[in-house]
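Dear colleague,

Please find the structure below, followed by an account of what was found in it. I would be grateful if you would read the two side by side.

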Amino acid sequence: MSGLLSEDVLSHIGKQSEPRREIVTRRDIRKYAVATNNRQAKYLDGDVAPPLFHLHLFWDVVPLSELSPDGVSIDSLLPKFPLEKAMAGGLDLTYHKPIKPGDWLTATRTLTNIYEKAGRSGPLIFYEVLMEVRGDDDELVVTEKTTRILR
Amino acid sequence: MSPAPTVGMAIPQRQHYCDEVQQMLYNASLWNGHRIHFDMPYATEVEGYPGLVVAGPLMGDWLHQVVDEWLGDAGMITGIEYSNRIAAYVGETVTSGGTVTAYDEATGEVTLEVFVKNERDEVLTPGVITATLTLAS
């Protein structure tokens, strides 16, 4: 280990975003279903949301002036890492309940881990973000764990 | 869904051709302004990609769809683990599919290894999906 991760960077572990509460509409489900070329009527009609619809509901909406030059919104949960080139990451999702029009959902994101590993061509930094999506009854609807790798 | 799943069985595959219009609508639907998906000079000259990059989560969506179409109303996806390993580019035709790796008749829980592959047979997006079949009542 080369000890890339300073105390300051590691101190961000456990940081949590402000909860975001959004409403699910039939029109948004239909748009998402069309855009993914879904072929099932229940999704195209917007009766129920297809899996992964929560990506649409909770993608960051920020002013244009806060986008980086490549058009990406900067994730405020993350510290400035000593490595910046993003490599393929992974997603681990659990679907607890279906999502329907009229549902109010709240997402909370937590930076759950930062660690480094020796890769074949140098050190790699891994970080994990847990997003929990809950209904107004506080029951879990979707759990999403994202792992990203920087080199 | 017609036959009961058996370990080793392949589910019907699906081809996906993502053109500029679908790419635009998908990223607009997410609210994703990342230039590599729609700005050709930026994608090729600045980032060095051979073309416009298909959004990673769209390939994740296709993993879900190929299983969800197979399940129909007979079951529901309960979880997925996947990663985007290799990029796909607008104008390519890719194929999604999967194989049943476990099935528990008592609980209705089925596990499938799934993939999105390109025309060179490279697996772009490997994953594992779990689903629960509604048991006949």
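Predicted model: local features only at pLDDT ≥ 70, side-chain atom pairs only at ≥ 80, totals over all residues.

**Chain A in outline**

Residues are numbered from 1 along each chain as its sequence is written, chains are lettered from A and ligands numbered from 1 in the order in which they are written, and side-chain values use heavy atoms, with hydrogens and water left out.

From the N terminus, the order of elements in chain A is α-β-α-α-α-β-β-β-β. The C-alpha atoms of the chain fill a box of roughly 55 × 30 × 30 Å along the principal axes. Of its 151 residues, 42% are buried (under 20% relative accessible area, with exposed meaning over 50% and partly exposed in between, for a 1.4 Å probe and protein chains only). Where contacts (heavy atoms within 4.5 Å) join residues at least 6 apart in sequence in chain A, 67% of them link residues at least 24 apart.

In α2 of chain A, residues 26-35, the buried residues are I29(A), Y32(A), A33(A) and A35(A). They lie on the same side of α2(A) because they cover an arc of only 165 degrees around the axis (taken from the directions from the helix axis to the C-beta atoms). Their cover includes α3 and α4 of chain A, together with α1 (20-30) and α3 (56-71) of chain B.

Just after this helix, N37(A) has a positive phi of about 60 degrees. N37(A) sits in the loop between α2 and α3 of chain A and is partly exposed, at 39% relative accessible area. D138(A), which is not a glycine either, has a positive phi of about 70 degrees. D138(A) belongs to the loop between β4 (122-135) and β5 (140-150) of chain A, and counts as exposed at 53% relative accessibility.

**Nonpolar cores**

The largest nonpolar core has 52 residues, and V67(B) and W70(B) have the most contacts inside it (a core being a set of buried Ala, Val, Leu, Ile, Met, Phe, Trp, Tyr and Cys residues joined through side-chain atoms within 4.5 Å). Its largest share, 8 residues, comes from α3(B). A second, separate core of 11 residues includes L5(A), F81(A), L83(A) and V129(A).

**One cavity**

A search of the whole structure finds 1 cavity of 30 Å³ or more. On a 1 Å grid over the protein atoms alone, a cavity is a set of points where a 1.4 Å probe fits but cannot get out, and lining residues have an atom within 4 Å of a point. Points are joined across faces, edges and corners, and a volume is the space filled by probe spheres set on them. The largest cavity has a volume of about 30 Å³. N38(A), Y43(A), P50(A), P51(A), D61(B), H64(B), Q65(B) and D68(B) line this cavity, and α3(B) gives the most to the lining, with 4 residues.

Yours sincerely

Conventions: Helix = DSSP H or I, 4+ residues; strand = E, 2+ residues; numbered from the N terminus. 1 Å grid on protein atoms, 1.4 Å probe; cavity = no way out; pocket = protein on both sides within 12 Å on 5 of 7 lines; lining within 4 Å.
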